[in-house]
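Welcome, and please take a moment to look over the model before reading on. The paragraphs below will walk you through it step by step.

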Amino acid sequence: MGAPATDSPPAAAAPAAREPLIRTEHLTKVYEGRQGPLRAVDGVELSIGAGEFFGLLGPNGAGKSTTIGMLTTSVIPTDGRVFVSGIDARANPAAVKRRIGVVSQSNTLDRALTVWENLYYHARYFGVPARDARARADELLERFALADRARSMVFELSGGLARRLMIARALAHRPAALFLDEPTSGIDPQTRINLWELLADLHRQGLTILLTTHYLEEADALCDRIAILDRGRVLALGAPAQLKETHGADTVITLQVDGEAAALRPRAEAIPGVRNVEADGELLRVFASNPIGVLAELVREASAVGLHVRDAASQPPSLETVFLSLTGREYRE
Amino acid sequence: MSTAALAQRGARGEWATTFLAMLGRDVRVLRRQFGQFLTRTIMQPLLFVFVFAYVFPKIGEGFRGGAGGTSFTTVLVPGLIAVAINFQGIQAVALPLVQEFSVSKEIEDRVLAPVPVWLVGLEKIVAGALQSVIAAAVVFPIVYLVHAHGAAPVVHIHDWPLFLAAIVFASLLAAALGLFIGTVIDPRKITLLFSVVLLPITFLGCVYYPWAELAPLPWLQYLVLLNPLVYMTEGLRASLTPQLPHMAVWASLLALAGGSAALAFVSLRTFTRRVRT
């Protein structure tokens, strides 16, 4: 230990340390479509610290992939900026690429190479000397339990193994942040759980991870913080628990009746524990902060106004109810 | 040296490292698939010289080159080498690229390497040109040696630098053409590559006749000047069979070098645009 002990905090390093690892300013992408311009991403502001596990959550077409594309330099923003470690991705994409690892949605493994060679050459592309690249490839194969497949060609791998190899490859040059675009879509449930464990492990070891997903439970299980994206905009941002508290503390009770649900609305609003009621045709959505007894009361009130209840469902507070209360739409995967 | 200059120099060094690593990958793949490479390189010229330089003289058919009784085989040597260069360069770059853009998306990993995107495209050109050079080396002995008795081609490399320059620039031009085709062609129409692009280029590329001998058909003689293969065959003709009529050396080399540079510039732009949306 050479440096003398001091009581004062390392003040000089503070401003640099406070710069988030990933930051966007008014990130926007407009595609010129046949039906006029489409704002795929619309003024997204993100700030992700080192070591965070961050999730971009939203239904298909919300703008998640376009956002991750801009963060990883493959999509050029129409407006706004991306900074990784304070480096402007537009001005210096090569320097940004050096600091990030990317796992795309589709299998982009090099099919002309073996499993081992995929790791070796990736490391070489990032300037890792041959000897270190060989050692790194061996090490990653061990760590990701792929060692017995080292000499296989990649098209012989199952979907789950290929995904694991893609994650290993993205880490071969020791990036500061790992980006994953829908890493578990189209993968069987058991493999998905395995991947979750793998990602949670990497996060525990200090890696910054940003993933996009349209699986609510995936975001809930893995992420420190989530940005809920819909139609290119961030609707809410925070820790899953915090989001549930602020936007979806409520149990959502959905009633389907055989007439205009609006007729039931004033009575529903008067039930104790009910915070908000939305009527939509035959559907009545009741947001209850205290759901006990509300459903029974609703059924009674419905028959009092001459409506029959065809179906009733109750959803406990979840990211799904958060999405529902933010957009007024059901979350469909 | 200023810090900025040092940083710039550091970045260039890193670019070179990445470039060589990608080239290393392509050489590794070529070695693994060398049998395939040889087959697709050899078959066409081998069959060609077998039929035209061996079978035809034996059965009493046969073409004669226009220039004072020089055998057709002499005309064919530079022509078939140029065809091999052209085929390999275009195929080696365009076919994998079309697949990577449309189906496999494999290109993504290399595009994410810490270099400008155009460098990834430039590596493709160089790797493709390398395959063209190897193809030329493989095809040369075949077209030189396979012939009927008395139909030997008269070939002599009297100017090695000119010969090597013609080979290298022809290879670069073919590979740049491959990158261009690979980035602009609609993947669903890739099967048209052979009938619409490669066949007309080959048959109208002064492969089977020196360019000068098209003089009786002036419209054709000038039209084929749009064909890059013409400069490849004529450049090789000037260095391999200078006794036959051939385009002025400066003209063919200028077209090869200038064409390579221009096509590389254009195709690297289309490549970059295709990759970064």
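**A guided walk through the model**

Chain A is assigned two domains: domain 1 (19–109 + 157–244) and domain 2 (250–316), with bounds that come from an automatic or database domain assignment. Taken over C-alpha atoms, the centres of domain 1 of chain A and domain 2 of chain A are separated by 38 Å. What you see is a predicted model, where local features need pLDDT of at least 70 and side-chain atom pairs count only at pLDDT 80 or more, while totals for chains, interfaces and linings use all residues. Residues are numbered from 1 along each chain as its sequence is written, and chains are lettered from A and ligands numbered from 1 in the order in which they are written.

Let us begin with chain A as a whole. It has twelve helices and 15 strands; helices (H or I, at least four residues) and strands (E, at least two) are DSSP runs, numbered from the N terminus. Along the principal axes, the C-alpha atoms of chain A fill a box of roughly 80 × 55 × 50 Å. Of the 333 residues in chain A, 43% are buried. A residue is called buried if 20 or more other C-beta atoms lie within 10 Å of its own, exposed if 12 or fewer, and partly exposed in between, with C-beta atoms placed from the backbone. Two residues are in contact if their C-beta atoms, placed from the backbone, lie within 7 Å. Among contacts in chain A between residues at least 6 apart in sequence, 66% join residues at least 24 apart.

Now for the interior. In soluble globular proteins, nonpolar side chains tend to be buried together. A nonpolar core here is a set of buried Ala, Val, Leu, Ile, Met, Phe, Trp, Tyr and Cys residues joined through C-beta atoms within 7 Å. The largest such core has 99 residues, and A:Val84, A:Phe179, A:Ile228 and A:Val286 have the most contacts inside it. Helix H4 (residues 115–125) of chain A gives the most to this core, seven residues. At least three residues come from each of domain 1 and domain 2 of chain A. Another core, of 64 residues, lies apart from it and includes B:Val75, B:Val98, B:Val230 and B:Leu236.

Leaving aside neighbours within four places in sequence, A:Phe179 is in contact with several residues, among them A:Ile68, A:Leu71, A:Val102 and A:Leu210. A:Leu298 lies in helix H11 (residues 294–304) of chain A. A:Leu298 counts as buried because it has 23 C-beta neighbours inside 10 Å. Not counting residues up to four places away in sequence, A:Leu298 touches A:Ile253, A:Leu255, A:Ala268, A:Ile271 and A:Val286.

How do the chains meet? The contact takes 21 residues from chain A and 23 residues from chain B. On the side of chain A that touches chain B, H4(A) gives the most, with five residues. The residues of that side divide into nine nonpolar, six polar and six charged, where Ala, Val, Leu, Ile, Met, Phe, Trp, Tyr, Cys and Pro count as nonpolar, Asp, Glu, Lys and Arg as charged, and the others, Gly among them, as polar.Moving on to chain B, find helix H3 (residues 72–104) and helix H5 (residues 117–145), whose axes come within 8 Å and cross at roughly 150°. These axes are lines fitted to C-alpha atoms, for helices over the stretch in contact, and angles run from 0 to 180 degrees between N-to-C directions. By class, the contact of H3(B) with H5(B) has 17 nonpolar, five polar and one charged residues.

B:Val83 is found in helix H3 of chain B, and B:Val83 counts as buried because it has 27 C-beta neighbours inside 10 Å. B:Val83 touches B:Pro45, B:Thr202 and B:Val207, not counting residues up to four places away in sequence. B:Leu244 sits in the loop between helix H9 (228–240) and helix H10 (249–275) of chain B. With 22 other C-beta atoms within 10 Å, B:Leu244 is buried. B:Leu244 and B:Thr74 are 170 residues apart along the chain, and their C-alpha atoms are separated by 8.6 Å.

Finally, return to chain A for two backbone details. A:His26, in strand E1 (residues 22–33) of chain A, has a positive phi of about 45° although it is not a glycine. A:Arg174 is in the loop between helix H6 (159–171) and strand E8 (177–181) of chain A, and its phi is near 50°, a positive value in a residue other than glycine. A:Arg174 counts as exposed, with 12 C-beta neighbours inside 10 Å.
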